[in-house]
Amino acid sequence: MAKKSLKAREKLMAKADEQLKFLNNGIFEDELPTFKEQLSDINQFPLQPNKLEILQINLGYMCNQVCAHCHVDAGPDRKEIMTKSTMKSCLKVIQKTGAHTLDLTGGAPEMNPHFRWFVEEAAKVGIKDFIVRSNLTIIEANKKYKDLPEFFKKHNVHLVSSMPHWTEEKTDHQRGKGVFNKSIRALKRLNEIGYGMPNSTLKLDLVYNPSGAFLPTNQEVMQRDFKEKLIANFDIHFHQLFAITNLPISRFLDYLIASGNYEDYMYNLVEAFNPAAVTNVMCRNTLSVSWDGFLYDCDFNQMLEMKIDSNRKHITEYNEAEIQNRNIKIHQHCYGCTAGAGSSCQGNIT
Amino acid sequence: MSDYYETKDLRNFGKITDWNKELGEKFFDYYSTVFEEGHLSSREKSLIALAVAHVVKCPYCIDAYTKDGLQRGITKEEMMEAVHTGAAMEAGANLVHATQMMKKYKKLSH
């Protein structure tokens, strides 16, 4: 498993324009409909936002892990980190947004040196659902992170954490050697202080994404299986499981191409296109803010450097009403969010 | 033979309805109903299908139900046990005919 990001290894698929070029050519030239054509067929092009519900802020691409499928291409070598000044601009927006959910992501957002300050300030606003996407192992990574569970509890943060499988082998294969056992230890600590326990208001959800070139199956069935295994094997509890499809960008795209799975995977996504999923697709109720303050329709568009189609592209120019009156930028990777039961950072969407 | 069993052919399975819509659709309706959750879970059915795929030696089916198993979170140990179950049944079906051989042998021997 690679220990460096695609960017550090200077791989072609680290570049957004190369990814987009690849996704435009080949099978999408004459075999498969483009996502735009698919939306046009169901009279949904151009795709436009519904009410803004989720403000997702990426605090930086630095991470203590180098996961095989990371769409961010995150890792210890990534130095893109949100500054305190940009955080202050975000706070101004958080104070006046109509969104009911604030969703902090990364990388490992906890590695941003201003993370705790930002959480404390954002928590004061009293937003309804305050999510931090924590990779779990960060709690075990260094002494300075040991008290994160208590910190999260103090600010009533809703934790959403990745766990690709209930077995060590599959989890470590996707997320790195030793990740499974560290994650189990972190989950036990979180359970001890109330996170994820039945009837607890301290919410702990897990994210499942397939560890290979296949789509996730029924989210409820996966949740049932995960709960059965994690309780039986480790006495670990969590609330919901979100099943997320791997989108064909960044490291996962690189893997699909290198393993000869790209065409089959795209055929699967296109065949599984579900018009009902378009109604609730994540980009219609979410805005994504990058580490340097630019605005995107979603975290995936952020990684493909597709800024929103608006004159106000930066958090310092934020005007919610004006920004919501835009067309959403799409490309072939969007098939990942409309396959089967649909996929979003909150799991299934149908 | 080089154009037999190309992986991408599986993508065209649904097109068998192009040449006989009625029978093709009846088959696919039946097929999808069989694999729904019932007295057996879809997970159990997936493992049965994987075992049968090996017994009938269908490369397309092996590809399809290996992927289906991965999607359902079925482990490789579970998959291999399912394949051995099918193999044991095949071996058993073969070996049980040894009783016929033994019977005939005894009948013909003096």
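**Strands, a helix and the core**

A: This is a predicted model, and in it β7(A) is joined by two bridges to strand β8 (residues 295-296) of chain A, the two running antiparallel.

Q: Ok, and how many residues sit between β7(A) and β8(A) in the hairpin?

A: Five residues lie between the two strands of that hairpin, and Gly293(A), which is in the turn, has a positive phi of about 90°. As for the pairing itself, Ser288(A) has Tyr296(A) as its bridge partner in β8(A).

Q: Which way do the side chains of β7(A) point, and are they buried or exposed?

A: Thr286(A) and Ser288(A) point one way from the strand, while Leu287(A) and Val289(A) point the other way, and all of them are buried.

Q: Switching to helices: which elements do the buried residues of α4(A) pack against?

A: They pack against β7 (286-289), β1 (54-58), β2 (101-105) and α5 (115-125), which belong to chain A. The buried residues in question are Thr86(A), Met87(A), Cys90(A), Val93(A) and Ile94(A), and they are on the same side of α4(A) because they cover an arc of only 115° around the axis.

Q: What's on the face turned away from that buried side?

A: That face of α4(A) carries the exposed residues Lys84(A), Ser85(A), Lys92(A) and Lys96(A).

Q: And how far does α4(A) reach from its first C-alpha to its last?

A: Helix α4 (residues 84-96) of chain A has 13 residues and reaches 19 Å, close to the 18 Å expected at 1.5 Å a residue.

Q: Which residues touch the most other members of the largest nonpolar core?

A: Leu159(A) and Tyr208(A) do, in a core of 106 residues, and the largest share of this core, five residues, comes from helix α12 (residues 262-271) of chain A. Leaving aside residues up to four places away in sequence, Leu159(A) touches Val132(A), Ser134(A), Phe152(A), Leu190(A), Tyr195(A), Lys203(A) and Leu204(A).

Technical notes
Residues are numbered from 1 along each chain as its sequence is written. Chains are lettered from A and ligands numbered from 1 in the order in which they are written. This is a predicted model: local features need pLDDT of at least 70, side-chain atom pairs count only at pLDDT 80 or more; totals for chains, interfaces and linings use all residues. A nonpolar core is a set of buried Ala, Val, Leu, Ile, Met, Phe, Trp, Tyr and Cys residues joined through C-beta atoms within 7 Å. A residue is buried if 20 or more other C-beta atoms lie within 10 Å of its own, exposed if 12 or fewer, and partly exposed in between; C-beta atoms are placed from the backbone. Helices (H or I, at least four residues) and strands (E, at least two) are DSSP runs, numbered from the N terminus. Two residues are in contact if their C-beta atoms, placed from the backbone, lie within 7 Å. The expected span of a helix is 1.5 Å times one less than its number of residues. The arc is that of the directions from the helix axis to the C-beta atoms. Two strands pair if DSSP finds at least two bridges between them.
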